[in-house]
Every structure is written in structure tokens, then in C-alpha cells.
Amino acid sequence: MNFEQKFSQQQKQVQKMAMTQQLQQSIQMLQYNADELISFLEQKALENPLIEVTVERDFAEEAALYPIQKTNYQNSSGQDEQNYLNQVPDTSTSLFEFLLEQIHLTMRDTYLRELVLLLTENIDDNGYLKIDLVEVAKSVGAEEIQMLDALTLLQQLDPPGVGARNLQECLMLQIERDDRAPNMAYVIMEEEFENFANRKWKEITKKFDVSLAEIQEISDYVQTLTPRPGAVYDGTREQYIRPDLVVRIENESIKVLSTKTGLPVVNFQKEYYQEMSQFKDKDVTHFMKEKYNEYEWIKRSIMQRGETIVKVGTAIVERQKEFFINPEHPIKSLTLKEISEKLGIHESTVSRSVNGKYLETSFGIFELKSFFTNSLGNQNDGTETEEDISGDSVRKKLLVIIEEEDKGKPLSDQKIVELMKADGIDVSRRTIAKYRDILAIPSSSKRKRFD
């Protein structure tokens, strides 16, 4: 058997995009928010002597635009809004620091205080004690009664409910220290917590000879208590938003503008470049050429980034025009694909342009990606059209229906489906159940009131 091996040369043209380092960084720059972009450019300035990064500051404009907390997207109003220094977030006191301060102020330096401090070190961010008292007592050589005394002292500190070992104990601690608590609230939490939580209220009425209306009053009160007493002392900095775009409405005409304030500006160190160019050294010449090309690339990339965000933002605003004009702010269905096809760019480019980018309006600040919602389909012909109902609209409608229902006879999910169909919104019962979970709306049996 003969084996023959042949070699030949062939030319073949292949078209592909090379992912260069500069292209990767251009993509990253588009994805960065304003603060991340500033950090990136400042790092580049450290590496490139021809680059100087400055941030445009218009204090009057910035005071109006930027003291916005990320948690509520609402413009602040009042005298403090005009003070630029008030935009600097304070560092909140952590729960651990708050407890330590109380312990040192209210307790004498004794062995019992040492045990309290030991327990404090094992309080989680929500304010719960996550260790077993018996095991701790054995590990430190203390008596169990001493650990219980230490726990009692810890649970007397603020915030009410701190040091609880479970939700039941957390609620009981809060009720115990509240003079406004309804009669029987503490006893019912102590003896019938499971039945109360599962709304088996008739068993409770028989045991304590109370009415359903009284149980309902206790339930309403318990809803005002917090299951996470330590969460408010998270010790994190407040998050502030720096909008990338501003929407201005004049006679129903909508304009989308880029916010220049707070954005980085890359300046060319011309004098340094001219001084270094006088050297005839080959390595210096090569170095300066390389850094100059990098400066030009960064300048173009920043300009392209800004233009892309404005184009994408404008396309979103045009599609969601009713949101900005209609007082009810309805959101239509919108996908990344629609915007990418309209602008002739890739979906991933649209995604990078909206993530972490914010748009300011006269009624609040919104992340660009929040305007993208899945369509549920218009139900007149069973097809998705431009007027398709979005998931956001269904959630708003669900809230309205729940708000208007008879609280003594709450609507089942199937009945809500039928009401929505009557309004031209065809959704399944499973969809209603899913949105109830998202909105933290309990089932009909748990919404029933006995007032």
C-alpha cells in the first residue's frame, strides 16, 4: 500500500474583523457611565504625557441636574439644591458602629458587657443574631444564663428588633417597645405566629375570644413594622446619578440634548509635544508619535461615544413619545432590535449605549434601558403592532384593579384576567400571578379584609 503526501500553496480571501486593543477599548468606553469614563481617561493620562483630562463644571447647571439619589430618581427641591457641596454624599453609620456607640455609653465595663460586645460582632446587616447562644457560651466558658442576660441587654438597644434570632422574635421586640401596639398583638405573635402568618385567623378568634376585625387591626399594625431593623444602617454611600441626556419639551416638540456638564474633556498638551519634538532621538520621536496617535484615537472615540448615546436616546424618546407628554407616562413595547434596525447598528451597541446611562426629564430621571419592555401583543387581531401593550402597562393596570377591588371580596387571578380582556388586554392567569409576585401583591385569599 503506497502513501503519497502532497503539499500545495493556495490563496484564499477571508473577511473578518480583527479585535484590536483599541477597538476593545472603544467598546469599553461606550459601555462606561460618566464616572467610569473619567476614571478610564485619568488612567490614560497617567500613561500618556500628551493627555490632560478635565471635567466641565457648570455649578449652577450641575446643582439642578445632579443631586439625584439613585434609589428614587426624583429631583430634589429646596434651598439645599443650590449648594453644590450638598451633593457630596455622607457616609452613613454602620449598624455595628451604632450598636457599639450605645453599648459604650450605656453599659459599665463588666464581663457582661464583654458578652454583649461578642454578640454584637455576630449581628448581620439586617440586625439578626446568627449564632447559637449555647455554643457561644461553651466556646467562651460562660454560663447560659449570662448569655441570655447579654442578649436581653443587646435587644434593648436601638433600632427596635435588633438582636432577634428570627422574624417572630423581631416583631415581638418591636411590639414590646411600642405604646401604640394594639391589645393582644404581642400575645398573638408569641403564641399563634404561624396561624397569624398563614391567615388562619378563625382559630385565633376562638382561642382568644376576639373578632376578625380586631385581628385585621393587628395585621395592619404588623405591616408597619420592619422585618429588617438593621437594613437602614448599611454604612454605604448614597448613590448619585449623573444624567447623560436631557429631554426638553416645548409645545409638544421633544428635544434630546447631551449634558456636557460633568463629562470629561481630553486636552492636548501642545507645549510639551513641541518641546519633546525638538529632540532628534529616534526613540523619543517614535514614542511621541505613538502617544499622539493614542490621543487622536481617544478624542475620536469620546466624540463617537457621545454621538451614539444621543442617537440611541433620541430614537428611544421618539418611540416612547407618549411617556414624556402624557401625564400618565405610558410605556410602549420596545426591543433592542427595533432601535438597532432603525439606526443601522448592532444590538450589542444599543445595549452598551443604554446600560448605566440616564435621561433627565422635568418629572424625574430614568435609566435608558428602562424604556425597553416586552410586548404582550395587541388583542384585536392577535398580532403585535406599534400599539402593542407592554408589560409595564399591564402592571399599572393590575395595580389599578387591585386598588379598586372590594377588599371584603378580593378578585381572583382569573377574574382579573377577564377584566383585562374587557379592556382589550389579553393575558394569561399565569402572567397575572407573575406580575403579582413582582409587585409583592398577595393572593386573593391573603388580600381579604375583615373590617
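**Exercise 1. Is Glu169 buried or exposed?**

Solution. Start with the ground rules. This is a predicted model, in which local features need pLDDT of at least 70 and side-chain atom pairs count only at pLDDT 80 or more, while totals for chains, interfaces and linings use all residues. Residues are numbered from 1 along each chain as its sequence is written, and side-chain values use heavy atoms, with hydrogens and water left out.

Step 1. Take the cut-offs: buried means under 20% relative accessible area, exposed over 50%, and partly exposed in between (1.4 Å probe, protein chains only).

Step 2. Apply them. Glu169 has a relative accessible area of 14%, so Glu169 is buried.

Step 3. Check the partner. Glu169 forms a salt bridge with Arg165. Here a salt bridge is a side-chain nitrogen of Lys or Arg within 4 Å of a carboxyl oxygen of Asp or Glu. The closest N and O atoms of this pair are 2.9 Å apart. Arg165, at 39%, counts as partly exposed.

**Exercise 2. Describe the salt bridge between Lys415 and Glu418.**

Solution. 

Step 1. The N to O distance is 3.9 Å.

Step 2. Both residues lie in helix 19, 3 residues apart, about one turn of the helix.

Step 3. Lys415 is partly exposed at 37%. Glu418 is partly exposed at 40%.

Step 4. Now a network: shared partners join Lys44, Glu47 and Glu294 through salt bridges. The structure holds 17 salt bridges.

**Exercise 3. Where does Lys409 lie, and is Lys409 buried or exposed?**

Solution. 

Step 1. Lys409 lies in the loop between helix 18 (391-404) and helix 19 (413-422).

Step 2. Its relative accessibility is 65%, so Lys409 counts as exposed.

Key
Helix = DSSP H or I, 4+ residues; strand = E, 2+ residues; numbered from the N terminus.
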